[in-house]
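Have a look at the model, and then we can walk through it together.

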Amino acid sequence: MRTELRIVASRDRRPRVFARGGLDARATGPHRLHLIGTAATPLGGDHIDLVVEVEAGAHLQVRAVAATIALPARGCLSSSSRWVLDVADGGCLDFDPAPMVVAGGAEHSSLTVVGLGAGARLRLRERTQLGRSGENGGAFTGELVADADARPLLRHTVSLGCGAVTDDVLDAPRAMVSELVYPDTRPAQFEGLRSARLPLAGGGSLTTWMGARLEHRPDTV
């Protein structure tokens, strides 16, 4: 199944939603939406295409009512998703959906593409967990490509699970949190070997955390 969801936020009206497939969105405030699942997706072979457009000067907050679970299908283990987040000049987007849970035996790949105009603001948090309770297996690859004011801001890829460089006998993290904040002038910060916030050359910061289970982390990184 192919799922397509497009959200357009304007300054002078409620966000508009165009949906087809297994994902939709509902307004929960004047400038806030919650993503909702309307069908079991992604299964093996499924693709989710989500586009968020924040027009000049508009503000939008996006959350989700429940986690997304990637499941294997008979004859196909792999699913994929693409998020395109476009924030025009002076716009503001706070995008923090529920975690992606990759069930044992499933493989999921995600591409997030961010475009920020002049004076735009963004907080983007992505959370991933391999395996439901008591499950092993599962694999995830996430790629983040961000540009700000038509200049490269970030190129970042993380993999979890079988075949990933982090999956070895010494340490095999099963969960990840990634948060991109722009603009951000905070200095670098480290929490042991698990978490780091690093300033970006083009402005903003990227915080990443890896561990065993998402529930061991507070609500924000």
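## What counts as an aromatic pair

Rings of Phe, Tyr and Trp (its six-membered ring) pair if their centres lie within 6.5 Å. Planes over 60 degrees apart count as edge-to-face. Please keep in mind that this is a predicted model.

## The aromatic pair

A search through the whole structure turns up one aromatic pair. W83 sits in strand β8 (residues 78-87) and F95 in strand β9 (residues 92-95), so the pair ties together parts that are twelve residues apart in sequence.

Are these two residues buried or exposed? W83 counts as buried, with a relative accessibility of 16%. F95 also counts as buried, at 0%.

## The fold as a whole

Turning to the secondary structure, the chain has 18 strands and zero helices. Residues 24 or more positions apart make up 68% of the chain's contacts with a separation of 6 or more.

The C-alpha trace spans about 50 × 40 × 30 Å along its principal axes. The chain's radius of gyration is 17 Å, which agrees with the value near 17 Å for a compact globule of 221 residues. Of those 221 residues, 48% count as buried.

How values were computed. Residues are numbered from 1 along each chain as its sequence is written. This is a predicted model: local features need pLDDT of at least 70, side-chain atom pairs count only at pLDDT 80 or more; totals for chains, interfaces and linings use all residues. Side-chain values use heavy atoms; hydrogens and water are left out. Rings of Phe, Tyr and Trp (its six-membered ring) pair if their centres lie within 6.5 Å; planes under 30 degrees apart count as stacked, over 60 as edge-to-face and the rest as tilted. Helices (H or I, at least four residues) and strands (E, at least two) are DSSP runs, numbered from the N terminus. Buried means under 20% relative accessible area, exposed over 50%, partly exposed in between (1.4 Å probe, protein chains only). The radius of gyration is taken over C-alpha atoms; the globule rule is 2.2 Å times the number of residues to the power 0.38. Contact means heavy atoms within 4.5 Å.
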